[in-house]
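Thanks for coming. I will walk through one model today, starting with its strands and ending with a few backbone details. Please have a look at it first.

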Amino acid sequence: MPKLGESIIEATIIRWLKNEGDPVVEDESLVEIATDKVDSEIPSPVAGVISKLFFKEGDVIPVGKIIAEIRLEGSEPEPQADTAAEPVEAPQKSQEVKVEPQTAPEETTFESTRFYSPLVKSIAKQENISLQELENLTGSGKENRLTKQDLVTYLQNRNEPAAVPAPEVAAKAVPASTPVMQAPPVVAGQGDTIVEMDRMRKLIADHMVMSKHTSPHVTSFIEVDVTPVVRWREKVKEEVLKSRGQKLTFMPIFTEVVAKALQQFPNVNASVDGTKIIQRKQINIGIATALPNGNLIVPVVKNANQKNLLGLAADINGVADRARNSKLSPDDTQGGTFTISNFGTFDTLTGTPVINQPQVAILGVGAVKKRPWVLETPQGDMIAIRHICMLSLSYDHRLVDGGLAGQFLKYIQQSLESYNENQVI
């Protein structure tokens, strides 16, 4: 199982593209796998014949684990292929028993129906956490999977002495029968169609619920007269397509302005870690992209503040195309510090997007519409037909207040309304 990104420690086998006994050529797709970030097809590193597949579709495999065996062309089958698949693990276990006999039982305790990542196992071993303790912990990962953060939080609470309430306070303690909020039961009616969520939709659902539980969401709105932007784009878009081969949409223009705004307001390009504020040095802007199957993915434009308009257009067009054709690499979806969601693609006026954790804000861009608009001129107020766009900023109220959100939106508004119609690209 290859390493598919800096933070990826495991992947799920979605579909084998080859069966045992099938020939395979070098760089031919062998298996389709999925992480919590992206789906990928893994090519064969060599040419030969598939002699053994060690895991089934749906299995979750740690990075570095052998998942298949390929017999090279012209070579004879190994007499004991099953035992030769993992030549390193058996000696390692026996060596651990010999050198540290007291840890041998710990190796055999991780026999559980719930999957534990190698990192979680390592932390549990170092902290002398038994399997029984692990089994009793509630995980925040998919299917109640225990994450590193779950274990760190547990250790912090376990090591802190329990506070003993004073007698007069104990009587006012929260009742043991505190009600737990649960979703109401859903019953399918006659003629209803029941469709199981696909893997990506389940991940999106979990991520959205987690985000709402993590951040107190507030949304602010502002209307922007983008007439100068529309006029300039109309003048240059055909030339850019012809001479540079790039389709110039509104997104690169908005992304360029947003990158400058994030430089001015670092607390919007940040994350919250307990009581600490992490202001990100890089400005990596995620572009929410709708997929043909109705799902959503957020590829990231890295170092957006260091690129000109053409560079941003090339990056945005590139990741959007790869997303729609399932060609994104894991790196394409990692490292985002701020996100833009373009509601205008579907002619929607505005929306209240959900924050993409661990970021603290997300900008919604509505459709650009012609509307009657009051213009203030030296000759007095007048009504004109202008191109208007509504922006919405959802933000984490733990860090971003209404004042900061208003200043951030105002900066974007002024930048777009004063856009230079005569600039040369």
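A word on terms before the strands: two strands count as paired if DSSP finds at least two bridges between them. Helices (H or I, at least four residues) and strands (E, at least two) are DSSP runs, numbered from the N terminus. This is a predicted model, in which local features need pLDDT of at least 70, side-chain atom pairs count only at pLDDT 80 or more, and totals for chains, interfaces and linings use all residues. Residues are numbered from 1 along each chain as its sequence is written, and side-chain values use heavy atoms, with hydrogens and water left out.

Start with strand 5, residues 48–53. Strand 2, residues 23–24, pairs with strand 5 in the antiparallel sense over two bridges, and there Pro 23 stands opposite Val 49. Strand 5 also runs antiparallel to strand 7, residues 68–72, and five bridges join these two. In that pairing, Lys 52 faces Glu 69 of strand 7.

Next, a hairpin. Strand 9 (270–273) and strand 10 (276–279) are antiparallel, with four bridges. Val 272 has Ile 277 in strand 10 as its bridge partner. Two residues lie between the strands of this hairpin, and Gly 274 takes a positive phi near 65°.

Now to Asp 332, in the loop between helix 11 (309–324) and strand 15 (338–342). Is Asp 332 buried or exposed? Asp 332 counts as buried because its relative accessibility is 12%; buried means under 20% relative accessible area, exposed over 50%, and partly exposed in between, with a 1.4 Å probe and protein chains only. Its side chain makes a polar contact of 3.3 Å with the side chain of Arg 322. A polar contact is a pair of N or O atoms within 3.5 Å; within protein, one must be able to donate a hydrogen and the other to accept it, and residues adjacent in sequence count only if both atoms are side-chain atoms. Leaving aside neighbours within four places in sequence, Asp 332 is in contact (heavy atoms within 4.5 Å) with Val 298, Pro 299, Val 300 and Arg 322.

Last, the backbone. Most residues other than glycine have a negative phi, and most peptide bonds are trans. Asn 303, not a glycine, has a positive phi of about 50°; Asn 303 sits in the loop between strand 14 (300–301) and helix 11. Asp 347 has a positive phi of about 65° and lies in the loop between strand 15 and strand 16. The peptide bond from Gln 357 to Pro 358 is cis, with omega near 5°.
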